[in-house]
Amino acid sequence: MSKFGRRKKENTYFGYRVPYENTSIERAIQGYLKKLNIPFRTQIPIRGKPDIMVGEKILIFADGCYFHHCSLCFPGKRGRYRDKWITKELESRGYVVLRFWEHEINHNLKKVMKTICEKIEEIYGDRYVNKK
């Protein structure tokens, strides 16, 4: 196959490889979930392609600040309409959608995980969350 063959699941931006799946922020959440022995699936083929799914109801999106136009990191940029629309659509189907910004995950992973664990416990009880 030539060097111009099929593209992998990545894009390039200013010469850098930009992965679509298993980004560093997704891996940080996945690692913490594994550490807590909470079962999850990744890259679910439903609208919006959630990064992580816990059980059958909880969908977790790890939004990169640049590509999802974080107003804190990139003031003046607007473009969250698609994300809001996807969240509304999924919630109308009975899913619980949790979205976290890249800077939240990078700077306060424990708080992010506390929010995730509280939601898991609220929906599933002690079935997934270990109290150690």
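Is Glu102 buried, exposed or partly exposed? Glu102 is partly exposed, with a relative accessible area of 28%; here buried stands for under 20% relative accessible area, exposed for over 50%, and partly exposed for the range in between (1.4 Å probe, protein chains only). The model is predicted, so local features need pLDDT of at least 70 and side-chain atom pairs count only at pLDDT 80 or more, while totals for chains, interfaces and linings use all residues. Residues are numbered from 1 along each chain as its sequence is written, and side-chain values use heavy atoms, with hydrogens and water left out.

Glu102 belongs to helix 3 (residues 102-107). Helices (H or I, at least four residues) and strands (E, at least two) are DSSP runs numbered from the N terminus. Apart from neighbours within four places in sequence, Glu102 is in contact with Ile25, Asp63, Gly64, Cys65 and Tyr66, where contact is defined as heavy atoms within 4.5 Å. Glu102 and Ile25 are 77 residues apart in sequence, yet their C-alpha atoms are 6.4 Å apart in space.

The pairing of strand 3 with strand 4 is antiparallel and covers two bridges. Within these strands, Arg41 stands opposite Met53 of strand 4.

In soluble globular proteins, nonpolar side chains tend to be buried together. A nonpolar core is a set of buried Ala, Val, Leu, Ile, Met, Phe, Trp, Tyr and Cys residues joined through side-chain atoms within 4.5 Å. The largest such core has 18 residues, of which Ile29, Leu33, Val54, Ile60 and Ile116 touch the most other members. At least two residues of this core come from each of helix 1 (24-35), strand 4 (52-54), strand 5 (58-63), strand 6 (96-101) and helix 4 (109-124). Helix 4 supplies the largest share, six residues. Not counting residues up to four places away in sequence, Ile29 touches Ile52, Ile60, Ala62, Ile105, Leu109, Val112, Met113 and Ile116. A second, separate core of seven residues includes Leu59, Phe61, Ile86 and Val97.

Six salt bridges are found in the whole structure, each being a side-chain nitrogen of Lys or Arg within 4 Å of a carboxyl oxygen of Asp or Glu. One of them joins Glu56 and Arg41 (3.8 Å, N to O). Glu56 lies in the loop between strand 4 and strand 5, and Arg41 lies in strand 3 (residues 41-42), 15 residues apart. Glu56 is exposed at 57% relative accessible area, whereas Arg41 is partly exposed at 42%. Another salt bridge joins Arg99 and Asp63, whose closest N and O atoms are 2.9 Å apart. Arg99 is in strand 6 and Asp63 in strand 5, so this pair ties together parts 36 residues apart in sequence. Asp63 is buried, with a relative accessible area of 2%. Asp63, Asp83 and Arg99 are linked in a network of salt bridges.

Methods. Two strands pair if DSSP finds at least two bridges between them.
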